[in-house]
Amino acid sequence: MNLADTPDEAAFRAEVRAWLVANAPPKGSPDDFSQGYGVGDGPDEELFLERSRAWQAKVEAAGFAGLSWPKEYGGQGGSQSKEYIYAQEQSRLGVTTEAFDVGVRMIGPTIIEHARDDQKAALLPPMLRGEEIWCQLYSEPLSGSDLASVRTTAIRDGNDWVVNGQKVWTSGAHYSKWAMLLARTDPAAAKHKGLTCFIVDLETAGFDIRPLRQMTGARHFNEVFMDDVRIPASAEFGAVNDGWHVVLTTLRHERSIIGGGHHGPTFAELAALAARSGDGSDRSRDLVDVHIGDRLLDLLDMRVQSTLSHGRDTTMESSVKKIFHGRHISRTVRLGLDLQGAAGMVTDGTEGDHWAHEALNAPMYRIAGGTDEIQRNILAGRVLGVPERKK
Ligand SMILES: Cc1cc2nc3c(=O)[nH]c(=O)nc-3n(C[C@H](O)[C@H](O)[C@H](O)COP(=O)(O)OP(=O)(O)OC[C@H]3O[C@@H](n4cnc5c(N)ncnc54)[C@H](O)[C@@H]3O)c2cc1C
């Protein structure tokens, strides 16, 4: 199997790389907008959002946003593999686009596949230009892995729907304008059948968004309470009671994003740390393991890209890569902490802070977008054809 770029892909990669090198703020520079992220809330977050918006607008103006989206909605009409190449190159430079990922990379493609033309025309261009941020109101306190069991209800009342319930772990709801909501519209139907998706404006009366502080100290996600939130029938997204089908599209994109690119500390950071921390122990074997893991991730990336460029479904590749990626980050971080000895436990404004933050953040990659166990269930059922055990 030849996983190398085609000549067209190689030319596109070179173009993207040159543009990013010329335009992306260097990691660690005063303009590096990803620095404010994850530190906490308040001014750091505001600065992060301001710079993220400016970056998204710049990418759009340069013609690198919505690479596979239809031209009439602000996209470039290109292939999925171009999207993938752009994301790979951007991630290689450590550019964080997290504020826009849920919209541009998960909900945007879902809107293109399932929404009405008027919804596409109104919502997609401002999303691509970085003017409006989106979040997904899916998970609930008792419905994470078993998402189809959501209990938030939307009851039809004249020309409106009235929504009541609670969501949790909603990334970015506190700074989003729009949300994609999954709610139960037919309580009598089988659990996957009575669900509908809606596009909701978070400024609508009845939303109560309460940020949750996670163990890194950041406030990345929220609890969202809905108390008689009235939304118009025009907010329906996809067919009524067919919401499960719509949500699966977002989840497919989410899996490939969380598992895609390289996140967490880089091998270069780890090697530099090892060179400085001479405690006499030989960790070369561990370093080689991490280096091999990096290379395997590159190869998995190439495989996803090649599958996309042949127009095939990437369920298998995305789930395998997501599992491997989460484990790889945990292993890299553990070695980074080990190399610092006791200093690795201290957060005092020095380098240890960075590694402590990464250590506290690492479990996230194995939960968000479907846990490792759920990815394994997907691989067992949908790829290997293992029958589900009768309950
Ligand atoms: C950083 C982060 C951001 C997130 N952002 C969002 C967001 O923006 N919007 C949103 O809606 N949600 C979001 N989530 C929620 C995420 O989708 C859920 O956390 C995830 O689906 C797991 O659900 P849960 O936390 O309820 O765990 P549970 O489903 O309660 O699972 C608990 C444990 O049981 C295991 N388990 C459950 N079912 C099975 C099974 N059938 N087979 C084997 N093992 C099983 C799980 O693997 C896990 O180890 C986010 C989560 C994180 C960590």
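This is a predicted model: local features need pLDDT of at least 70, side-chain atom pairs count only at pLDDT 80 or more; totals for chains, interfaces and linings use all residues.
Student: Why is helix α7 called roughly antiparallel to helix α8?

Tutor: Two packed helices are described by the angle between their axes and the distance between the axes. Here the axes of α7 (residues 267–276) and α8 (residues 284–309) come within 10 Å and cross at roughly 170°. Angles over 145 degrees count as roughly antiparallel, and α7 is therefore roughly antiparallel to α8.

Student: Which residues make the contact of α7 with α8?

Tutor: On α7 they are F267, L270, A271 and A274, and on α8 they are L287, V290, H291 and D294. The criterion is that C-beta atoms, placed from the backbone, lie within 7 Å. By class, these residues comprise six nonpolar, one polar and one charged.

Student: What makes β3 and strand β7 a pair?

Tutor: Pairing requires at least two bridges found by DSSP. β3 and β7 (residues 221–232) have 10 bridges in the antiparallel sense, so they count as paired by the definition of at least two bridges.

Student: How many bridges join strand β6 to β7?

Tutor: Six bridges join β6 (residues 207–212) to β7, and the two strands run antiparallel. R210, for instance, has E223 in β7 as its bridge partner.

Student: Which residues come nearest to the ligand?

Tutor: The shell around the ligand has 18 residues, of which Y138, G144, S145, T371 and E373 come nearest. The elements giving two or more residues to this shell are β1 (134–137), β3 (160–171) and α11 (372–383). Its classes are eight nonpolar, nine polar and one charged.

Student: Which domains each give at least three residues to the shell around the ligand?

Tutor: They are domain 2 (136–242) and domain 3 (260–383). The domain assignment of the chain also gives domain 1 (7–133).

Student: How do you know that domain 1 touches domain 3?

Tutor: The centres of domain 1 and domain 3, taken over C-alpha atoms, are separated by 23 Å. The contact itself is counted by residue, with nine residues from domain 1 and 10 residues from domain 3. Two residues are in contact if their C-beta atoms lie within 7 Å. The side of domain 1 that touches domain 3 has three nonpolar, six polar and no charged residues.

Key. Residues are numbered from 1 along each chain as its sequence is written. A residue is near a molecule or strand if its C-beta atom, placed from the backbone, lies within 6 Å of it. Helices (H or I, at least four residues) and strands (E, at least two) are DSSP runs, numbered from the N terminus. Ala, Val, Leu, Ile, Met, Phe, Trp, Tyr, Cys and Pro count as nonpolar, Asp, Glu, Lys and Arg as charged, and the others, Gly among them, as polar. Domain bounds come from an automatic or database domain assignment. Axes are lines fitted to C-alpha atoms, for helices over the stretch in contact, and angles run from 0 to 180 degrees between N-to-C directions. Angles under 35 degrees count as roughly parallel, over 145 as roughly antiparallel, 65 to 115 as roughly perpendicular and the rest as oblique.
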